[in-house]
Amino acid sequence: MIDLRSDTVTRPTPQMRRAMFEAEVGDDVYGEDPTVRRLEEYVAGLLGKEDAVYAPSGTMTNQIGVYVNTSRGDEVLVHQDAHVFNYEAGAPALVSSVQVRQLPGEGGVISPETLRAAARPENVHFPRQSLLCLENTHNASGGRVYPLDAFASVCEEARGLGLRVHLDGARLFNAQAATGIPAREWAALCDTVSVCSSKGLGAPVGSLLAGDAGTIAEARRARKALGGGMRQAGVIAAASLYAFEHNIDRLAEDHERAARLARGLSSAGYEVVPPETNIVLVEVGDAPRFLEALAARGVLATPRNSSTVRMCTHLDVSDEDVERAVEAAAGIARFGVAG
Ligand code: TLP
């Protein structure tokens, strides 16, 4: 099977497994795991932040980000297609007791005007607004890069409104690979940044939340409360460290393959959103029937909605896999879902 469902499906390579095997470990709840500590320091350095905390998932680091930047009853401003709002099981309400206000914007971008229009004056009737959450790259719009100037202007507007800013950077290094702009330039504009090693970077598990030392100390408490305090976690942290050290630059290969996939699908007659990074969105008419037919031809993908399908390239997808995926989709275009 060629698995294009997500860039989360990668398996650790022998070199990554070796790093896991050889990892020095200790009890991380006591702060004694040297590999976890190295990982946290390495990622804080990559993002230009004072500190970082390691957690099992991007959902947990996003939700800790929401938690440490808000108080109960606050309003959090997000793009209407944000992962933190749509795909995290209602956690902002469940974990932080905040309400989420959804804002529109092309490609996951929130304009300063849109943010300003959503601002609420101090009044006993209104929720307090404390946080703006941004996402780069933006998953639901097909891995679009949040342009740095647009990002800077909405962050500046947020500061003017007294908001803190959290970045869901699950695929922030894809934005770096696509533009050549260091991830830390987006990070510098935010209070907290979540990054994942388990997406295109190829680790089996693990995300980090970076920020200033005081905020990350609070985040460590929140991680414990959520059950994310892990013990000899160096065994898995070693995979994340390996991923950040070795697999950032190669993300450009995934982007080239996504572009090739998009061109092939387009030549086969599909309407495709030209990818900026590793996510291809394809219009297929009836997504569930298309996905069934595609799976019967040996290729897996996911529905984005009832008529759009998402295909991701990643470490375990080769040039040949891309060709075979295009052939499978072309066959469906030619012979129909039953062909
Ligand atoms: N996204 C997954 C699914 O949850 C949709 C995927 O296959 O793309 N932020 C963003 C932007 C993400 O895309 C994801 C995962 C997360 C956060 C959550 O990360 P995990 O899966 O580690 O909790």
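Two strands count as paired when DSSP finds at least two bridges between them. Keep that in mind, because this is a predicted model and I will talk a lot about strand pairing.

Let's start with the seven-stranded sheet. The sheet is open, and its strand order is E2-E8-E7-E6-E5-E3-E4. The pairing is mixed. Which strands sit at the edges? They are E2, residues 51-55, and E4, residues 99-103, and each of them pairs on one side only. From one strand to the next, the twist averages 20 degrees.

E2 pairs with E8, residues 207-211, in the antiparallel sense, over five bridges. Next comes E8 with E7. These two strands also run antiparallel, joined by four bridges. Here valine 193 stands opposite alanine 210 in E8.

E6, residues 164-169, pairs with E7 in the parallel sense, over four bridges. Glycine 169 has valine 195 of E7 as its bridge partner.

Stay on E7 for a moment. Is this strand buried or exposed? Five of its five residues are buried. In a regular strand, side chains alternate between the two faces of the sheet. In E7, one side carries Thr192, Ser194 and Cys196, and the other carries Val193 and Val195. Both faces are covered.

What lies across this part of the sheet? Helix H2, residues 34-47, lies across E2, E7 and E8. H2 runs at about 125 degrees to E2. Another helix to look at is H3, residues 58-68. Nine of the 11 residues in H3 are buried. Among them are Met60, Ile64, Val66 and Val68, along with Asn62 and Gln63.

E9 and E10 run antiparallel and are joined by three bridges. Valine 273 has leucine 281 in E10 as its bridge partner.

Two packed helices are described by the angle between their axes and the distance between the axes. So what are those values for H12, residues 251-267, and H14, residues 319-335? The axes come within 9 Å and cross at roughly 20 degrees. Angles under 35 degrees count as roughly parallel, so H12 is roughly parallel to H14. The crossing is right-handed. On the H12 side, the contact uses Arg257, Arg260, Leu261, Gly264 and Leu265. On the H14 side, it uses Asp319, Val322, Ala325, Val326 and Ala329. By class, that contact has six nonpolar, one polar and three charged residues.

Last, some backbone details. Most residues other than glycine have a negative phi, and most peptide bonds are trans. Here are some exceptions to check.

Where is the cis peptide bond? It joins asparagine 136 and threonine 137, with omega about -5 degrees. Threonine 137 lies in the loop between E5, residues 129-135, and H7, residues 148-160.

Next, alanine 89. Its phi is near 60 degrees, a positive value. Alanine 89 is in the loop between H4, residues 83-86, and H5, residues 91-96. Its relative accessible area is 75%, so alanine 89 is exposed.

Then serine 97, with a positive phi near 55 degrees. Serine 97 is in the loop between H5 and E4. At 33% relative accessibility, serine 97 is partly exposed.

One more loop residue: aspartate 286, between E10, residues 279-283, and H13, residues 287-296.

How values were computed. Residues are numbered from 1 along each chain as its sequence is written. This is a predicted model: local features need pLDDT of at least 70, side-chain atom pairs count only at pLDDT 80 or more; totals for chains, interfaces and linings use all residues. Side-chain values use heavy atoms; hydrogens and water are left out. Axes are lines fitted to C-alpha atoms, for helices over the stretch in contact, and angles run from 0 to 180 degrees between N-to-C directions. Contact means heavy atoms within 4.5 Å. Buried means under 20% relative accessible area, exposed over 50%, partly exposed in between (1.4 Å probe, protein chains only). Angles under 35 degrees count as roughly parallel, over 145 as roughly antiparallel, 65 to 115 as roughly perpendicular and the rest as oblique. A crossing is left-handed if the near helix is turned anticlockwise from the far one by less than a right angle, and right-handed if clockwise. Ala, Val, Leu, Ile, Met, Phe, Trp, Tyr, Cys and Pro count as nonpolar, Asp, Glu, Lys and Arg as charged, and the others, Gly among them, as polar.
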